[in-house]
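These are my notebook entries on one structure, written down in the order in which I looked things up.

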Amino acid sequence: MEEMKEVAQILKVLSNENRLMIVCYLIQSPMTVSQLHEKLRNMTQSALSQHLSILKAHKILQSEKNGLSITYDIYDERIKTVIEVLKKNYCSF
């Protein structure tokens, strides 16, 4: 039962289209905040940072700081599997 709560929480976090788009880009390769912002031009830097924080807090993403740059990557391989299936069936990029 506890696993179902965890899965439901992850799906709830991913149900936001902006966070889902971020994760879709990150399954391709790790990216810096600047790289993500270039791809998500309609999102402000502030909004992007908020979404990244939420994804990291729920252990969907992990980050690594290199100097002034922060690189984000998928934390759990199971997330990659789920998103790859969704992307294959629904994403056009």
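Predicted model: local features only at pLDDT ≥ 70, side-chain atom pairs only at ≥ 80, totals over all residues.

Entry 1, a first residue. I looked up Val7 and noted it as partly exposed, because its relative accessible area is 40% and the class covers whatever lies between buried (under 20% relative accessible area) and exposed (over 50%), computed with a 1.4 Å probe on protein chains only. Val7 has its place in helix α1, where helices (H or I, at least four residues) and strands (E, at least two) are DSSP runs numbered from the N terminus. From Val7 to Ser29 I count 22 residues in sequence, and their C-alpha atoms are 23 Å apart in space.

Residues are numbered from 1 along each chain as its sequence is written, and side-chain values use heavy atoms, with hydrogens and water left out.

Which residues line the largest pocket? I found Glu3, Glu6, Val7, Ile10, Leu11, Leu14, Asp76, Arg78, Ile79 and Val82, and the elements that give two or more residues to this lining are α1 (2–14) and α5 (77–90). The most comes from α1, with six residues. The space in this pocket is about 260 Å³, a volume being the space filled by probe spheres set on grid points that are joined across faces, edges and corners. A pocket is an open set of points on a 1 Å grid over the protein atoms alone, where a 1.4 Å probe fits, with protein on both sides within 12 Å along at least five of seven lines, and lining residues have an atom within 4 Å of a point. I sorted the lining into six nonpolar, no polar and four charged residues, where Ala, Val, Leu, Ile, Met, Phe, Trp, Tyr, Cys and Pro count as nonpolar, Asp, Glu, Lys and Arg as charged, and the others, Gly among them, as polar.

Helix α2 (residues 17–26) packs with α5 at an angle of about 105 degrees, their axes being 10 Å apart; axes are lines fitted to C-alpha atoms, for helices over the stretch in contact, and angles run from 0 to 180 degrees between N-to-C directions. I therefore call α2 roughly perpendicular to α5, a term for angles of 65 to 115 degrees. Leu20, Val23 and Cys24 of α2 make the contact (heavy atoms within 4.5 Å) with Ile79, Ile83 and Lys87 of α5, and these residues divide into five nonpolar, no polar and one charged.

With α4, helix α2 forms an angle of about 75 degrees, with the axes 10 Å apart, so these two helices are roughly perpendicular as well. Here Asn18, Arg19, Ile22 and Val23 in α2 meet Leu48, His51, Leu52, Ile54 and Leu55 in α4.

Ser49, in helix α4 (residues 45–57), counts as partly exposed at 33% relative accessibility. Lys59, in the loop between α4 and β2 (61–66), is exposed with a relative accessible area of 54%, and its phi is near 60 degrees, a positive value in a residue other than glycine.

Terms used. Parallel < 35°, antiparallel > 145°, perpendicular 65-115°, else oblique.
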